[in-house]
Amino acid sequence: MPIPRTLTKWLLLIALLAYAAFMAAWAAAQVHARPCAGLRVEVVAPGPGVPAFLTPKAVERELGDLPSRAKGIPLSSIDTEALEKRLRQVNNFESAECVITSDGYLLVRVVPIVPEARVFTPAGTYYINKEGKRLDAHAEYFVNLPVIHGNFTDRMPARLALPVARYVQRDSLLRSLVAMIDFKSPSNIILIPRITGHVINLGDTTRLPEKAAALALFYRKVMPHKGWNAYDTISVKYRGQIVATRADKTPVRHAPEFTDSLPDADELNATGQTMADTSPTP
């Protein structure tokens, strides 16, 4: 009795699938029986326009002595799943993938977590991401980001300073001006400029665009006339005014120095801010 044509087709299909599976298994076995051609490390940028936080050397450091002995060892002795598990425990890695390539290399591909700021505390330094997660900071883990200084605790975590760090990073003036954010408390945030001689009291994290505009106006209208060393503190924490404290604490007996040079409201985009020079009382 002849075999039905449909059944013949199914038998041929099953045979082809079995052959393909056998050849794949055989090829994999052949690959794994070969010595490893070497290690390749790829650090994938976390997103468009986002620089990679890690260097390949930083990833190799997490692999112990494997980079130095990878070339020549049997591929069958490399446990890629165990390597992935090990790398995923590193707090700087978003994800990690380890595979054996067709040409016999061990490929390690890592996506780093994106940091938003560098934090310095009395206990040490680290990076934080957008959720405030701590990331290791050492020579192989480097990126140029806003610097935050503070005595942070569980009750006052470093992530509270992130709104200021983000604004500094976005604002062209502040990005070029600010060397460090000194986070003394949530209501007492100090900006340390690259220009020495004065600091900027920002207050808290509210009204940041208004405070940045006031500071820019002060630099444009006052500093060129008074000099960059005339004041030791410029405070923009108060709504509607700028308070500048004189660096020279010698008592003076005259009116505030630039009361008559106050800008009008239009110069601050109608925010209504003014300036006040706080000279010491005689």
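Analyst: Aspartate 182 lies in strand E8, residues 178-185. Strands here are DSSP runs of E with at least two residues, helices are runs of H or I with at least four, and both are numbered from the N terminus. This is a predicted model, where local features need pLDDT of at least 70 and side-chain atom pairs count only at pLDDT 80 or more, while totals for chains, interfaces and linings use all residues. Residues are numbered from 1 along each chain as its sequence is written, and side-chain values use heavy atoms, with hydrogens and water left out.

User: What makes aspartate 182 count as buried?

Analyst: Its relative accessible area is 12%. Buried means under 20%, exposed means over 50%, and partly exposed is in between (1.4 Å probe, protein chains only). So 12% puts aspartate 182 in the buried class.

User: Which side chain does the side chain of aspartate 182 make a polar contact with, and why is it called that?

Analyst: That's the side chain of lysine 184, at 3.0 Å. A polar contact is a pair of N or O atoms within 3.5 Å; within protein, one must be able to donate a hydrogen and the other to accept it, and residues adjacent in sequence count only if both atoms are side-chain atoms. The 3.0 Å pair is therefore inside the cut-off.

User: What else does aspartate 182 touch?

Analyst: Not counting residues up to four places away in sequence, aspartate 182 touches His149, Asn188, Ile189, Ile190 and Ile192. Contact means heavy atoms within 4.5 Å.

User: How far from aspartate 182 is phenylalanine 120, in sequence and in space?

Analyst: They're 62 residues apart in sequence and 9.6 Å apart in space, C-alpha to C-alpha. Phenylalanine 120 sits in strand E4, and its contacts beyond four places in sequence are Thr125, Val147, Ile148, His149 and Gly150.

User: Threonine 121 is in strand E4 too. Is threonine 121 buried or exposed, and how do you know?

Analyst: Threonine 121 has 17% relative accessibility, so it counts as buried. Phenylalanine 120, at 33%, counts as partly exposed.

User: Which residues meet between H5 and H7?

Analyst: Pro163, Val164 and Tyr167 in H5 meet Leu208, Pro209 and Ala212 in H7. By class, that contact has six nonpolar, no polar and no charged residues. Nonpolar covers Ala, Val, Leu, Ile, Met, Phe, Trp, Tyr, Cys and Pro; charged covers Asp, Glu, Lys and Arg; the others, Gly among them, are polar.

User: What phi does arginine 207 have?

Analyst: It's positive, about 55 degrees, although arginine 207 is not a glycine. Most residues other than glycine have a negative phi. Arginine 207 is in the loop between strand E10 (199-203) and H7.
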